[in-house]
Every structure is written in C-alpha cells, then in structure tokens.
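Here are my notes on this model, as numbered points. Please read them with the structure open.

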Amino acid sequence: MCDCINKKIIEEVKDIIAPYKKEKDNLIPILNEIQEKYGYIPQIAQLEISEYLDIPMAEIYGVITFYSRFTLKPKGKYSISVCLGTACFVKGSQAILDRLKERLKLEEGETSSDGRYSIDTTRCVGACGIAPVFTVNNEVYGHATVKKLNEVIDELEKEE
C-alpha cells in the first residue's frame, strides 16, 4: 500500500477515534466504526487504536478475531455468507456452500482477485424458520437451494 493511502487512512482513523475517551471500553465501538468505513480493520488502523487507547496490538487482534463481525481482510463487493447453524445445516446448507465455493472458485474467508465476491460462513442469522439461508451483503435468502444460489449469482453477474 503506498504511503499516500496509509496517510489518508491514518487521518481518517484519527478523526473516527478523536471523539472517544481514551478508555479500553471504547475499543469495540471504535472497531465498529472502522469496520463500517472500510469493510475491514486495516492494520494501520489497529496501530492507531493501539496508540490512542494504550492497548497492545495483540489484544486488539484478539478482539477482532473473536467477533465474527470484524474482519482483517477486505470483503468483496458481494459478500456472500452461508449459514451452517443446526437448522440450516440439517436442511442442506452444506450443499449450498459447496456449490458456492465451486462456482466462485474460492474458499471460506477468501475474496476474489477482482474484488467482486467473498465467501464466509456463519453459525446463525436468526432466520431458522426459513432455513436454509444464505446472505448477500446482509440480504437474507431463505428456503435456499443450490438452484436459488445459482439464480442469485446470475443476477449479480448481470448487474456488472
């Protein structure tokens, strides 16, 4: 990443954290704002937070990796997540995930080289009544099937 981009991120992160008191309890709200802005938590942002809140980088990394909401890598334009919670799994979500990985030629946690797609799994989205489900950018698709997944991806490709 070029120095000019790092400087821009540093300034933006400083603007985000400035309203917060220098208290450890503000770590998660700060991470939420940075996740919202960038779609992930850049390492340079973690360094700024570490200095501002006087928290070791290892502790910040631990929080980011503990909560599934946070990510260390940029997500694709279309972030697709398949629920593998009990209700969804029993109703066939593994087949949906397998097809998604095959079609996009990606594994869980990866983003396509063109930045269009990323794949994740989740344990529950709170939609057990319409299981199995997958999401695209937080839009829930219930009573999902491999056919429905293919149709949704076909539509996303038409949008480009």
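1. Phe66 lies in helix H4. Helices here are DSSP runs of H or I with at least four residues, strands are E runs of at least two, and both are numbered from the N terminus. The model is predicted: local features need pLDDT of at least 70, side-chain atom pairs count only at pLDDT 80 or more, and totals for chains, interfaces and linings use all residues. Residues are numbered from 1 along each chain as its sequence is written, and side-chain values use heavy atoms, without hydrogens and water.

2. Is Phe66 buried or exposed? Phe66 counts as exposed, at 62% relative accessibility. The cut-offs are under 20% relative accessible area for buried, over 50% for exposed, and partly exposed in between (1.4 Å probe, protein chains only).

3. Now look at Asp54, in the loop between helix H3 (43-53) and helix H4 (57-66). Asp54 is not a glycine, yet its phi is positive, about 55 degrees. Asp54 is exposed, with a relative accessible area of 68%.

4. Helix H6 (93-104) comes next. H6 has 12 residues and reaches 16 Å from its first C-alpha to its last, close to the 16 Å expected at 1.5 Å a residue. That expected span is 1.5 Å times one less than the number of residues.

5. Which residues of H6 are buried? They are Ser93, Ile96, Leu97, Leu100, Lys101 and Leu104. These residues cover an arc of only 130 degrees around the axis, so they sit on the same side of H6. The arc is taken from the directions from the helix axis to the C-beta atoms. An α-helix has 3.6 residues a turn, so residues three or four places apart point the same way.

6. The cover over the buried residues of H6 includes strand E1 (78-83), helix H5 (86-90), E2, E3 and helix H7 (146-159). Contact means heavy atoms within 4.5 Å.

7. Just after H6, Lys105 takes a positive phi of about 55 degrees. Lys105 lies in the loop between H6 and E2. At 70% relative accessibility, Lys105 is exposed.

8. Finally, check the peptide bond from Ala131 to Pro132: it is cis, with omega near -5 degrees. Pro132 is in the loop between strand E2 (117-122) and strand E3 (134-136).
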